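Please look over the model shown here before reading on. The text then takes up two of its elements in turn.

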Amino acid sequence: MNKIKLGTTGMEVSKMGLGTWAIGGGPAWNGDLETQTCIDTICKAVEVGINLIDTAPGYNFGNSEVMVGKALEHLDRDKVIVETKCGIVWDRKGSLFNKVGDRQLYKNLTPDSIYEEIDKSLERLGTDHVDIYMTHWQSVEPCFTPISETLGALMDLKRQGKICAIGAANVNVDHIRDYLEHGELDIVQGKYSILDRAVEEELVPICKENGIVLQAYSPLEQGLLTGTITKDYVPTGARANKKWYQKGNLERVVDMLEEWRPLCEKYGCGIPTLALAWVLAQGDHVTLLSGATSADQVEQNVRAADVRLSEEDVAWMREKAESLDR
Ligand SMILES: NC(=O)c1ccc[n+]([C@@H]2O[C@H](COP(=O)([O-])OP(=O)(O)OC[C@H]3O[C@@H](n4cnc5c(N)ncnc54)[C@H](OP(=O)(O)O)[C@@H]3O)[C@@H](O)[C@H]2O)c1
């Protein structure tokens, strides 16, 4: 598994990281998984060369972090880059965010909230430091906190040794400039799949210019780009309101994936592997986070790191995906 440098931190992150949103279970996904399945999935990822595990308190109210913590008990902590987030809370108020089940989530990036959040995350993860600490969603009114203030708290946590690198998710270019002006930013997380290429316009170039690692999330469109979802699928939880799961769109995606079959033969891989390899082919500073709920899925997905798609095939896949938007 190739690795790339994380800014000036001295850390190197694998081109593919494991996302543990679904491992956290709860109403956003298909309910809770067996703890052993979570541990096996995470440990398999590390065994096959993935060194970055992404989680967040917001993934089922801390449960994803708890599962990562349980897996860490079986792993060499020094060899794993643990990435978690701050800014989505449920036990204090802020600006309204999503409702998950019957519980309301809020956006809150005030220093007070962050100081409290990091300690809770460290406890759930069973570790004394987080390697990458990331703002999960950026601040909005009415509980707006300027990036300079949020960053002040993050830099302080870095000095204290509780976190080692700073990241930001769901940002635009103005946010990135603000982070760079007031402190530092080593990694940015944004939604990026062959079906959702919005980051290409501004985010990909600004990250490249500033040596910021770009981490693509939901590269399989939450499982849609795997060939396992059929035309009669009825989306629930976090998939329910997503564009490509809506009636009409879903059928066209399933048809597109059928057209990929000859490429699967050519590269000797499955559809999910091809979808992930396409994202990895978009640039050296692009990494991805692949979610998985079993060790088998991890084994299949990790193969994408070894598939080298030809330029013609990358362009052909893009053209097919673009035609769905027309
Ligand atoms: N910063 C943010 O706002 C943000 C937002 C979203 C995600 N993320 C991060 O990015 C990670 C990845 O994104 P994601 O989990 O949303 O979506 P994803 O990686 O696009 O899809 C993950 C889901 O696809 C299915 N899957 C994966 N590999 C498969 C395979 N080989 N065969 C069949 N099905 C397969 C699984 O669904 P089943 O469980 O149904 O099998 C899995 O849970 C997250 O886990 C999270 O860490 C961050």
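The paragraphs below treat a strand and then a helix.

This is a predicted model, in which local features need pLDDT of at least 70 and side-chain atom pairs count only at pLDDT 80 or more, while totals for chains, interfaces and linings use all residues. Residues are numbered from 1 along each chain as its sequence is written. Helices (H or I, at least four residues) and strands (E, at least two) are DSSP runs, numbered from the N terminus.

Strand S5 covers residues 81-86, and six of the six are buried, so the strand is largely enclosed by the rest of the structure. A residue is buried if 20 or more other C-beta atoms lie within 10 Å of its own, exposed if 12 or fewer, and partly exposed in between, with C-beta atoms placed from the backbone. Ile-81, Glu-83 and Lys-85 are buried on one side of S5, and Val-82, Thr-84 and Cys-86 on the other.

S5 runs parallel to strand S4 (residues 52-54), joined by three bridges; two strands pair if DSSP finds at least two bridges between them. Ile-53 has Val-82 of S5 as its bridge partner. S5 also pairs with S9 in the parallel sense, over four bridges, and Glu-83 stands opposite Ile-132 in S9.

Helix H4 (residues 147-160) has 14 residues. Its buried residues are Ile-147, Thr-150, Leu-151, Ala-153, Leu-154 and Leu-157. Seen down the axis of H4, these fall within an arc of 155 degrees, so they line one face of the helix; the arc is that of the directions from the helix axis to the C-beta atoms. The face turned away from the buried side of H4 carries the exposed residues Ser-148, Arg-159 and Gln-160. After H4 comes Gly-161, with a positive phi near 85 degrees.

Terms used. The expected span of a helix is 1.5 Å times one less than its number of residues.
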